[in-house]
Amino acid sequence: MAAVQSGVPPSLSAKVTGSFAYLTIRDRLPTILTKVIDTIHRNKNTFLEEHGEEGIEAEKQAIALLSKLRNELQTDKPVIELTDGLEDTDSWNEYLQRQQRLQGDQEPVSWFKSPWLYVECYMYRRIQEAVHLNPPISNFDVFNEGKTQSFYESQKAVMTLCTFLEDTQKNAEKLSPDQLSEHFSKLLQISLWGNKCDLSISAGQDNSQKISPIDALAGLQPYILVNDSGVVWSTLMSSRRAGESGESGVDRVDIVLDNAGFELVTDLVLADFLVSSGLARKIYFHGKSFPWFVSDVTANDFHWTIRQTMAANHKWMSKRGFQWQNYVKEGAWSYHDHPFWTQPHEFCDMAADAPDLYARLQQADLILFKGDLNYRKLTGDRTWEHTVAFSTALRGFGPAPLCSLRTLKANVQVGLQPGQGDKLTSKDPTWMTNGKYAVIQFYRPV
Ligand SMILES: O=P(O)(O)OC[C@H]1O[C@](O)(CO)[C@@H](O)[C@@H]1O
Ligand SMILES: [Mn+2]
């Protein structure tokens, strides 16, 4: 018999035929794998130039492993252990055992029968394994092309944002607290809607930002289903430092990043505003340690984006780029990765399974969790009723005051008013997955 955790609803899973999880595993994940195979194949000549015959052999082997993976997925084979001996291999294999125990002995853990969150994360870890097992190309980022393309295609919007930031800076001294809070709210919303631009929901299709993000905000307001930005603002204002030195603002804001491309720029602009207007002294960015969910930020993407912004042929954009580089040099900004961000755990497991990361997050005054996957992990990707409180769905996770900035791309949503979910379903049946809606959802640990 499968173990049932009392009071906690089951995980979303492809075992519900026709569900969004089912369609993702049946259609979108194989498409992503096919694109990865194609990308590796198209880079054959580069591998040959860089590594000679060994590069060609690596290309062949990696493609063979990925084709095998696609076949396992499409024929619902049991999930198998990782063999690549990386720092997180044991922990992935232990997690497989844990899933097997939860599921009971009757059926093996498999793509269409086990939790969607787990198997979807596992696919990205297996892609990493396929590349890693072929040393000459083990640092090849199979998603790099899409991420850089999304950055280039959003140039106009990025320029608009950098010009907006320049204007707020010019008048910074004259700003009333209300005006400062108004600017903050705009940049928070821009970072929120930046999350529309991920590449995994569109299986790698173009999803860049082409219109002015600031002009779009007013029209998007009705699509924000929960808007706790007022509490986020008061968290920044109720500084621990204020009492000590009369300074306003907080010491540290952590941003758990999601996607590279336009979304990352919106996060950097928000972080810049927080530091330059004295709302926060330091920003910790948390990113992924290997390519993940098609468009997620790695250390390489983070630094590349800053360099590209510096090199832009636009006065205010390149000025921001240089400012960002200075923040990094001076330590006001820092990039951190941790294997936990590329594991399948619900965040309520973090305190037990990654206590070092949990302790680090406890030092933050505010944590911003970007994107849909982080929301799925915050809520455990479970079939919660929409009216269940966010605090309930977090199941004890709460290292510091936290806020999810997320456009909805998976069918989990909590913290709604009674009747709000039903109304949305009758108006727009795909509201939870079409990326049109969003939440700014806050929680303060007691
Ligand atoms: O980049 P984000 O906002 O986390 O979105 C990624 C989302 O796309 C999907 O891959 C779509 O299935 C979800 O699994 C995931 O939550
Ligand atoms: Mn993502």
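Which spacing do the donors of the manganese ion (ligand 2) follow along the chain? In this predicted model, the spacing is D-N-x36-D. To see these donors, select ligand 2 together with Asp258, Asn259 and Asp296: the manganese ion has as its protein donors Asp258 (OD), Asn259 (OD1) and Asp296 (OD), at 2.1 to 2.3 Å.

Next, display the secondary structure around the site. Asn259 is found in the loop between β2 (250-256) and α12 (262-276), and Asp296 in the loop between β3 (280-287) and α13 (299-310), so this pair ties together parts that are 37 residues apart in sequence. Asn259 is buried, because its relative accessible area of 2% falls under the 20% cut-off. Asp296 is likewise counted as buried, at 2% relative accessibility.

Now colour the chain by domain, with domain 1 as 20-137 and domain 2 as 144-443. Their C-alpha centres are 28 Å apart. The contact involves 22 residues from domain 1 and 27 residues from domain 2. Between them the two domains bury about 2100 Å², of which 60% is on carbon and sulfur atoms. On the domain 1 side, select Phe20, Leu117 and Tyr124, which lose the most area to domain 2 and together account for 30% of what that side buries.

Select Glu120 and Arg376: they form a salt bridge, with the closest N and O atoms 2.9 Å apart.

Finally, select α5 (116-132). This helix gives the most to the side of domain 1 that touches domain 2, with 8 residues.

Key:
Residues numbered from 1 in each chain as written. Chains lettered and ligands numbered in written order. Predicted model: local features only at pLDDT ≥ 70, side-chain atom pairs only at ≥ 80, totals over all residues. Heavy atoms only, no water. Donors = N, O, S within 2.8 Å, 3.2 Å for Na, K, Ca; no water. Helix = DSSP H or I, 4+ residues; strand = E, 2+ residues; numbered from the N terminus. Buried < 20%, exposed > 50% of the residue type's maximum accessible area, 1.4 Å probe, protein only. Domains from an automatic or database assignment. Contact = heavy atoms within 4.5 Å. Buried area = accessible area lost by both parts, 1.4 Å probe. Salt bridge = Lys/Arg side-chain N within 4 Å of Asp/Glu carboxyl O.
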